[in-house]
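Reader: Hello! Could you walk me through the terms used for this model?
Author: Gladly, let us take them in turn.

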Amino acid sequence: MKLNIAVLPGDGIGPEVTAQAVKVLKAIAMEFNHVFTFRKALVGSSAMDKTGNPLPEETVNICKEADAVLFGAIGSPAYDHDPDAKVRPEQGLLGIRKALGLHTNIRPVIAYEDLLNKSSLKVKQIKDTNLVIYRELTGGIYFGERHLSDDGNTASDVCTYQRFEIERIAHGAFKAAQSRKRKLTLVDKANVLESSRLWRRIVKEIALQYSNVEVSYMYIDNAAMELIINPRQFDVILTENMFGDILSEEASVIVGSIGLLASASLGDKHAMFEPIHGAYTKAANKGIANPIASILSAAMLLDHFGLDDEAALVREGVDKSLKLHITTPDLNNKYDNISTTKVGDFIEDFINNPDETNLNFTNIHLGQSTII
Ligand code: IPM
Ligand code: MG
């Protein structure tokens, strides 16, 4: 298969982790005789530094021409602490989501057996968690009308949803539930918000078309608690833009590191794949950023094109790295010298030689001598 992939490394740790995902995709292309071409483009504060614009037009064009987009991370502390900034790096990410019409954001949350003790939650609570969050990505309060009064003392952000925006992601979420444990939970705040009541009404209607899916409804405040005390009860969580942002970051606590959570953002014409984590600028260029979320986002890219064996091999490589403790410091209390690049190299080598997973192989990757 020929795939033209736009790569938007972005800010902070974005370039380092994305480089590992590209490395892994190149190894997959070699192994399975595909032709993947990569075209880099600027986004975020790095784009602002060079062009003054967090989302240059050229970037939008490169993404529109590509079969898929691999996105790194976005954000900069310089803007985080300046509420008066007129232009912000995040506009690059929000802008590309909107420009490509990426309405459905899919965020899987899987508690890896080998990492159960890395979570600050109790093992018995999180064991066997396997859920997916369907987060609406181009509507709601993120994209509603904003207003700041002239005297600077009153502000508003409007949360608007239209029927079609709810319907299209709801169908996606129900279909996903049908191929999983056939459970869907709509998370909203329908006891207070009119927009949530619209979600509930529409999801109730659509549920009639998916009679083999068990549907439940949960308020966001309750869901925030249930996700921590009993995450196993969930299969597919369907929710609007901001609730999905918050819940998915909370869910990273179950998995043990936010550096593990990948996502796919799908529209009718385009698709983008990105870790759910941010730019984590403090960690940039230190070789400590976990590339697994980016590598698993690349696996979701392969899934999207029906390259199931390829995606499975990437995930096997990730599992192996976790099992053998070839991981960055956020997860590693066994070895202290495993860098971002090393994790990428290990998974790349695994793809090239899936059978050579003996101790020598591990030792080579740990930079230790081997005696045969
Ligand atoms: C995410 C991020 C973004 C969001 C930010 C960086 C704009 O937090 O993808 O979860 O809020 O959607
Ligand atoms: Mg977020």
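Author: Contact means heavy atoms within 4.5 Å, and helices are DSSP runs of H or I with at least four residues, numbered from the N terminus. This is a predicted model, in which local features need pLDDT of at least 70, side-chain atom pairs count only at pLDDT 80 or more, and totals for chains, interfaces and linings use all residues. Residues are numbered from 1 along each chain as its sequence is written, and side-chain values use heavy atoms, leaving out hydrogens and water.

Reader: Which residues of helix 1 and helix 12 meet?
Author: Val24, Ile28 and Phe32 in helix 1 meet Asp309, Glu310, Leu313 and Val314 in helix 12. By class, this contact has five nonpolar, no polar and two charged residues; Val, Ile, Phe and Leu count as nonpolar, Asp and Glu as charged.

Reader: Why is helix 1 called oblique to helix 12?
Author: Their axes, lines fitted to C-alpha atoms over the stretch in contact with angles from 0 to 180 degrees between N-to-C directions, come within 11 Å and cross at roughly 130°. That makes helix 1 oblique to helix 12, because angles under 35 degrees count as roughly parallel, over 145 as roughly antiparallel, 65 to 115 as roughly perpendicular and the rest as oblique.

Reader: What makes Leu198 partly exposed?
Author: Leu198, in helix 8 (residues 194-207), has a relative accessible area of 22%. Buried means under 20%, exposed over 50% and partly exposed in between, with a 1.4 Å probe and protein chains only, so Leu198 is partly exposed.

Conventions:
Chains lettered and ligands numbered in written order. Helix = DSSP H or I, 4+ residues; strand = E, 2+ residues; numbered from the N terminus.
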